[in-house]
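Hi,

Here is the structure I said I'd pass on. Have a look at it first, and then read my notes below.

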Amino acid sequence: MAESQELLQRLRAHLQQVRDDPLTPFDQKLFDTASYIFLPELGPEQTESFVLQIYQLLPTLQQDPEPVTRLLAKLLEPVSLGTILSFEPQVDLVAGLDLAAKPYHLLTLSILAKADAASAQNLATSQPEIFISLVRLWLATEDEGAADKAGSLLLHLLEVDKDESEMGGWDGSVWKRVFRDKDVYGQIYSICSLNSQEPVSLSKQRKT
């Protein structure tokens, strides 16, 4: 346990150094060691604090974020989406779905794929921007893997909401958000329209 705590402090100090100087190279060996030694021993409060420290670092990174996203994936693997949504300050999942945030797409999609009925409904009622960004990513990303995962995630969110619905889904929070919120379903028309003024640039073939 003492070794794990010492390793955690070293890693947190390293992340702070990277945040202070974004050009600081990652200590790859430290990240790899941390993934296998102390992660299983972290308690809920330590996990939340560590995850938030990493998320606050991401916007400033000047290097390949792969070591950080890999560590984040391991940290969050056993954590439910409901718990992640309760973190304070809030984890910015919308930023992870932005078309320009390519290194973070798969991580963010994997986090959202944890959704059960309660957390899906939470997203639908409190974070409509996630659905707008998810539809845009699904339709407009050039990464076919991310597009497939985004489409599958939309279907998953609708399915878990349908399971709790009394009207075959139509009265569910997710269904209302996807099919009745013009800011969400309108993305499909605006991005795919041949006369679209959207900044998203798709070929005529892709739009068709």
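Angles under 35 degrees count as roughly parallel, over 145 as roughly antiparallel, 65 to 115 as roughly perpendicular and the rest as oblique. Keep in mind that this is a predicted model, where local features need pLDDT of at least 70 and side-chain atom pairs count only at pLDDT 80 or more, while totals for chains, interfaces and linings use all residues. Residues are numbered from 1 along each chain as its sequence is written, and side-chain values use heavy atoms, with hydrogens and water left out.

The chain has 13 helices and zero strands (DSSP runs, H or I of at least four residues for helices, E of at least two for strands, numbered from the N terminus). Of its 208 residues, 44% are buried (under 20% relative accessible area; exposed is over 50%, partly exposed in between, with a 1.4 Å probe and protein chains only).

Now for a helix pair. The axes of α7 (residues 105-112) and α10 (residues 144-162) come within 10 Å and cross at roughly 15° (axes are lines fitted to C-alpha atoms, for helices over the stretch in contact, and angles run from 0 to 180 degrees between N-to-C directions). Therefore α7 and α10 are roughly parallel to each other. In the contact (heavy atoms within 4.5 Å), α7 supplies His105, Leu106, Leu109 and Leu112, and α10 supplies Ala146, Lys149, Ala150, Leu153 and Leu157.

Last, threonine 83: this residue sits in helix α5 (residues 81-85) and is partly exposed, at 36% relative accessible area. Between the C-alpha atoms of threonine 83 and glutamate 48 there are 9.1 Å, although the two are 35 residues apart in sequence.

Cheers
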